[in-house]
Amino acid sequence: MHDESRRIEERVQRAHDQRIKPAIYAATAPFEVEAWQAPGEPVPFEEAAAARYAPFAMDTPWGPPWGTTWFRMRGRVPAEWAGKRVEAVIDLGFVGDWPGNQAEALVHLPDGRPLKAVNPLNQYVPIANPATGGEEIDYLVEAASNPDILKDNFSKVTPMGDKLTAGSAPLYTFQRADLAVLDEEVFHLDLDLQVLLGVMVHLGEHEPRRHEILHTLDRAMDALDLDDVSGSAAAVRAVLAPVLAKPAHASAHTVSGVGHAHIDSAWLWPIRETKRKTSRTFSNVTALADEYDDFIFACSQAQQYEWVRDNYPHVWARIQDSVKKGQWAPVGGMWVEADGNLPGGEAIARQLIHGKRFFIEHFGVETKGVWLPDSFGYTAAYPQLAKLAGNDWFLTQKISWNQTNKFPHHTFWWEGIDGTRIFTHFPPVDTYNARFSGEEMDRAVRNYSEKGVGTRSLAPFGWGDGGGGPTREIMERARRLADLEGSPKVVVEHPDEFFAKARAEYEDAPVWVGELYLELHRATYTSQARTKQGNRRSEHKLREAELWATTAALHAPGYSYPYEKLDRLWKTVLLHQFHDILPGSSIAWVHREAEAEYARVAEELEVLTAEAVAALGAGDTRVFNTSPFDRAEVVRTSEGALAYVRVPANGSASLTGTEPAQPVRVSGRVLDNGLVRVEVAEDGTLSSVFDQRFGREVLGDKGNLLRLHTDLPNYWDAWDIDKHYKNRYTDLLEPTSVEVVSDDPLTGAIRVTRSFGKGSKITQTITLRADSPRIDFETEIDWHEAEKILKAAFPVDVRAAHSSAEIQFGHVQRPTHTNTTWEAARFEVPGHRWVHVGEPGYGVAVINDSTYGHDVSRTVREDGGTTTTVRLSLVRAPRIPDPEADQGEHRFTYSLLPGASIEDTVAEGYSLNLPLRVADAAGAPEPVVSVDGQGVTVEAVKLADDGSGDVVVRLYESGGGRAHGVLRPGFPLAGAQVTDLLERPLEDETVELSDGGVAVSLRPFQVLTLRLRRG
């Protein structure tokens, strides 16, 4: 037989594109359209309904950037359309085929009820099936003219990312607003051809099935009347029916399809637009559920549900109905799909707590899995926290984006730092926006790593990132692929069902231990430094407010614990941990608002903390320590004087100062407190840090070396830092000034000022305090660089086989060598408050109060010694998607801690991030809780969320070993329970009371939540 594959494929493709697809709508009649441009920000429906509209013609430009235009559309279904399926078809002037980053609209009835949204791939609104003819149609359409930030594929800088810089010229030209008759036979023919072509082209040339489909398609085209597509569509479908009816092979892979609409809570649009995106997408989804009984939609992010509940009650009611019918599956159990690396441990706990409680309260559904397809890597703390929140499974997708190494599993057990394992799946379809195309189905099978032991994988389907969700076309493809030879079987089902089946057939799945590191998007640990600083400080201020509010509730008669305010502030912080806000990958508008929100949160938390402390009564000036460690530190009083004080963990002490054992001496550019001697070179770097306790030099080269690198990644500017950044740099070795600014016995300080680049300036105050080996670098930067990254390096004279970086409720160890591509790919890594490197008997830590990006490397010197270099990524200057990212002023502190054990490092990490508070208060209330025993670290102290007055304490083992101790409450204890994160008792966990306290025994990095009942 002659090979006519090319002829047939081209024949079918042209007939499909040029004849069949245009014939899907058999008849049309235009709407009468009027328009009203809303001034400024979006307005409520009632205001739009009362506005004065002007006539509007098709092919007219409309929509300034970030504007809202309301269109009134009126029409009558022609009498001759009776008995037919009639729809409205609206094309706002869509560009491309991605629904999330351009014009979108929500169609309302005159009474304000939302019907459905329209976007490029979902332009219809159902009217009648069948129509009676003569129906009067009156719509109010809220159209958002959001700019296409992806217009140049992230290759050009754009001012469109903020309404302050985007201008006012119209972005779109309205193309179509019609009543139309859907020709269902042609509609289904279109889908038949799509599916068969998709399956065929991905079968091998040697497959008989490929040629069977090919020649059937050729015969089908013979049955197509090009002059009467509608009249011949049934005949064409009859030719195709036998090949569509052939069942899949018995051993065919099964793809569990789950409807999905990934909606970034902010990204290339502001939060206010996401509130509208949720209403549009959820309207579409509930409409689709009405049309397809077998449709199931999985949706995460409790925050988005709350927005719909508060702003779109009609849509909210439809969601509740869909949940009851089993077609809508709340999943994920988190407040938002947060970044997977940067939120603190308590913040991830609260993400799970608030998310799961929302779904339990509003739907009676307890979610069973963590749904995080799109975050940029995942902390090794997740398995334990997920399980403690009552979850059984974890889903991610993003690891498929690895730049260097292919992740070896798709279904596996993920083991966290404490040993907890959770059943995890990573869909081989390699997308969370599947459409059931032939390419995707082929990839799912070809890519699946578990062949021979597993038979199924999951595919989240529907348009996403900017929302949109599943469409009827996707559902129709799923139906055709349910049991079709040449394709995997597709079944639409709840993700809980998929995970139950996958686990049942593969209980002994392989184990992956430790973090799920994404070998891409490493710059998200650094971009938009002020956003990251706002998060870090908010987390610590929330801890502080909760501790002192609890103290006041226990000891101050008449004080009322601020449940509602703390709940609201936590949710604000959790929202901004979304995986395109906290990582710094959003447009300028998003980060401008985030900085303002963090400032508001800080101000409100400062008031709450001050009120709690004041409730303890006026009297002596006291120092309050929110850290879980006892501290002896220098503080500055409200009058500006210095004092040296000792304060217990989670407690307070009188400001009455004591004399330090080791005062500071300043001589020239040398700071010496008897513990360490710090020498500052003429170029402003550290020429020596001598640890007098151990009699050894700490540095292996210049310390606090500031290096400015060229930083132009290959593609995703705000997201990526590529390895070649290391090859071009300038060391900042020409200071403007180096001067002593404090020679007090309690604090010695030298200030170094530098100017560089395009008008940038950095001022660093190097401070050594009495009785402390910690050296602080208080830093102010006025940053005006573009496509650069600034790093601070500490080359230390230790031969460290690995570095230890703090993560949530513990730390991870990473090799300092690059023996394999897996280690080499970790050239930029996340850490929280500290990174520690050491050799047996001696360690050094680098601590920070707002930095997350680090790199650690190792070299051997000519003298045979080894220098291990820890570098902090301080600030970047990407220009896409925010052209002004990180420009302007930054203030932060990082520190060098010589001679540090892990325990020392943990304590100093808390100290730097939780400054001592000086305030007037009467008396000396006992700390709410104290701990006897090392390694047991208190992370959170609060009152129980149910208003019972019980005290909830979350603690963990922080050193990586076994820990035993006694938790002693500062109040009469009537009883104690071990609970899950949601403060529900764990029946199989018992508590041993010991001498008025609670005996605690923890495995390495174990998190424990205790509920203490007051006597």
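**Exercise 1.** Which side chain makes a polar contact of 2.8 Å with that of Asp776, and is Asp776 buried or exposed?

*Solution.* Start with the pair: the side chains of Asp776 and Arg774 are joined by a polar contact of 2.8 Å. (A polar contact is a pair of N or O atoms within 3.5 Å; within protein, one must be able to donate a hydrogen and the other to accept it, and residues adjacent in sequence count only if both atoms are side-chain atoms.) Next, Asp776 has a relative accessible area of 2%, so it's buried (under 20%; exposed is over 50%, partly exposed in between, with a 1.4 Å probe and protein chains only).

Quick note on the model: it's predicted, so local features need pLDDT of at least 70 and side-chain atom pairs count only at pLDDT 80 or more, while totals for chains, interfaces and linings use all residues. Residues are numbered from 1 along each chain as its sequence is written, and side-chain values use heavy atoms, leaving out hydrogens and water.

**Exercise 2.** Work out how helices H7 and H8 pack.

*Solution.* H7 (residues 302–311) and H8 (residues 313–325) have axes 6 Å apart, at an angle of about 125 degrees. That makes H7 oblique to H8, because angles under 35 degrees count as roughly parallel, over 145 as roughly antiparallel, 65 to 115 as roughly perpendicular and the rest as oblique. Now look at who touches (heavy atoms within 4.5 Å): H7 brings Tyr305, Val308, Arg309 and Asn311, and H8 brings Pro313, Val315, Trp316 and Ile319.

**Exercise 3.** Which residue of E43 is the bridge partner of Val837?

*Solution.* E42 and E43 (residues 842–848) run antiparallel, joined by six bridges. In E43, Val844 is the partner of Val837.

Terms used: Axes fitted to C-alpha atoms, helices over the stretch in contact; angles between N-to-C directions. Helix = DSSP H or I, 4+ residues; strand = E, 2+ residues; numbered from the N terminus. Pairing = 2+ DSSP bridges.
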